[in-house]
Every structure is written in structure tokens, then in C-alpha cells.
Amino acid sequence: MTQWMSKTKQQIKLLKKRHYYDNWSIKKYPPITFVVHPSVKVEDNWYKKRLLAYQHNAKILQVSPPEVTFYVYPSIKAGEKLGIISAICIIKEREIHGHLNQSPGHELTHILLGQINSSQNLPAHGFWQEGVCTYLNHTNTDQKKHLLSLNLPQSILTTPWQKWRIQIPGNLYPLAGSVIQYLVTTYNWKKLISFLANLKNLAQNQDKVALKIFSRPLSKIQQDWLHWIKKY
Ligand SMILES: [Zn+2]
């Protein structure tokens with residue numbers, strides 16, 4: 001776990017102990033319970049979009065969506081004032097601390113992935129989780145186009161994915177998102193889901209699992225993907 005994450009988690013615990021959230025309002029859209037900062041005024045539509053993304057992605061990932069508590073902060077800045085990065089998902093506790101301007105689907109998809117495999121096996125901020133959450137963020141972004149618009153250097157595109165197995169930098173989420181796009185359009189969701197479900201030990205066995213599920217080593221899949229984005 002990164003430093004900002006454990007710091008944020010600790011700070012949330014402390015705020016709860018001090019009853020900081022007691023005057024936040026509750027909005028129920030089962031299975032999501034939103035806990036909303038007193039200054040936040042949002043349209044019903046904002047909640048509905050999240051609920052829809054959650055249900056839709058649950059179907060894609062073939063899991064039943066668990067109950068989740070979603071704390072809504074007005075902005076990233078508002079969270080920072082409290083010592084919190086309000087773009088965090090605590091999978092084990094099924095709790096999201098998010099803000100108004102995030103994509104509808106990203107954080108909620110982390111919760112769904114927790115139903116497929118534990119973060120001990122499928123690292124929460126690693127290549128595979130962030131890739132799926134970016135691909136399923138419900139913003140209508142074509143991740144392949146997004147990636148190409150970033151003009152990343154070839155050295156980044158050819159870096160073995162193994163390097164980001166446990167943690168991927170935020171600016172490379174579209175790269176991981178485009179890999180997921182490639183895998184589900186070339187193979188299918190069923191195969192990708194069983195790939196994710198079979199990862200063990202912080203995805204240490206990812207090469208073996210890829211070979212078993214996709215009948216191709218990951219290094220070859222990366223080459224296929226480079227061809228697909230025309231950057232070989
Ligand atoms: Zn994420």
C-alpha cells in the first residue's frame with residue numbers, strides 16, 4: 001500500500017471516531033448508500049449515473065454488486081483540507097471516498113473486482129485493476145484513442161507490463177485501459193475474468209495464467225497489442 005493510501009485510511013478512521021461525518025446526508029440508491037458532504041448539492045441524475053454504471057459493470061464482470069458506502073466530497077481540494085485524498089476505494093470495507101468530478105464508473109468498479117479476486121492476488125492499484133476500472137469508467141472514452149493522444153515514448157509502450165503489476169502511475173491508466181480494450185475485443189470478457197480470478201500473490205503468476213487462459217505468453221500479447229495500436 002502506498003503512503004498516501006495508508007495515511008488517508010488512518011485519517012478517515014480518525015474522522016469517524018470524531019463523528020465528523022454525522023451531519024452528512026444519506027441518499028440511498030441500493031445497493032449504493034451515498035453519504036454526502038453538507039455543502040454538496042447534486043442532481044438525482046448524478047447518483048443515478050453511478051448506480052447505472054455499477055449495475056452495468058456488475059453484469060459485464062459477472063458478479064452480483066455488493067452493498068457499498070460512497071462518501072461524496074465536493075472536490076479533491078475539500079478532501080485535502082481534511083488530510084484525505086478523496087479518490088480512494090477501500091475494497092475490503094466496501095467504502096469509496098470520492099468527489100463530484102470523478103468518472104461514474106471507476107471507483108465502483110474496484111469494488112466489483114473485489115468480488116472476483118482479493119487485492120492480495122489482484123493488486124488494487126496495479127496494472128490489471130486500474131486497466132479494468134479505466135476501461136469501465138463510463139465516460140465513453142475510447143482508451144486506444146486516448147492512449148495514442150498522449151504520445152507516450154516508445155520506451156514506455158514497450159516496458160514489460162510486469163513492471164506495473166503492483167502499482168501503475170496515474171498517467172499510464174489509459175495505457176492499461178487500452179490493453180483491457182484489446183483483450184476483451186480480441187478474446188472476450190469470460191477469458192479476461194478468469195485471468196483476473198486466477199492471479200495469485202500480487203499477480204506474480206500472471207505469465208503462467210496468461211499462457212493458460214489466452215494460450216499466449218504475456219510478452220507475445222504485448223507485441224500483439226503494439227501491432228493493434230500500430231506502435232511496433
Ligand atoms: Zn483506480
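Visitor: In which loop is H138 found?

Guide: Helices (H or I, at least four residues) and strands (E, at least two) are DSSP runs, numbered from the N terminus. H138 is found in the loop between α5 (127–135) and α6 (143–149). Please note that this is a predicted model, in which local features need pLDDT of at least 70, side-chain atom pairs count only at pLDDT 80 or more, and totals for chains, interfaces and linings use all residues. Residues are numbered from 1 along each chain as its sequence is written.

Visitor: Is N140 buried or exposed?

Guide: A residue is buried if 20 or more other C-beta atoms lie within 10 Å of its own, exposed if 12 or fewer, and partly exposed in between, with C-beta atoms placed from the backbone. N140 counts as exposed because it has 6 C-beta neighbours inside 10 Å. H138 has 18 other C-beta atoms within 10 Å, so it is partly exposed.

Visitor: Where is the cis peptide bond?

Guide: The bond from P30 to P31 is cis, with omega near 5 degrees. P31 lies in the loop between β1 (25–29) and β2 (32–36).

Visitor: Which domains are assigned?

Guide: Domain bounds come from an automatic or database domain assignment. Here the assignment gives domain 1 (3–113) and domain 2 (127–228). Their centres, taken over C-alpha atoms, are separated by 25 Å. Two residues are in contact if their C-beta atoms, placed from the backbone, lie within 7 Å. The contact between the domains takes 12 residues from domain 1 and 10 residues from domain 2. On the domain 1 side, α2 (44–61) and α4 (106–113) each supply at least two residues.

Visitor: Which residues touch the most other members of the largest nonpolar core?

Guide: In soluble globular proteins, nonpolar side chains tend to be buried together. A nonpolar core is a set of buried Ala, Val, Leu, Ile, Met, Phe, Trp, Tyr and Cys residues joined through C-beta atoms within 7 Å. The largest one has 44 residues, of which F70, L108, V132, A176, V179 and L196 touch the most other members. Its largest share, seven residues, comes from α8 (173–186). The core draws at least three residues from each of domain 1 and domain 2.
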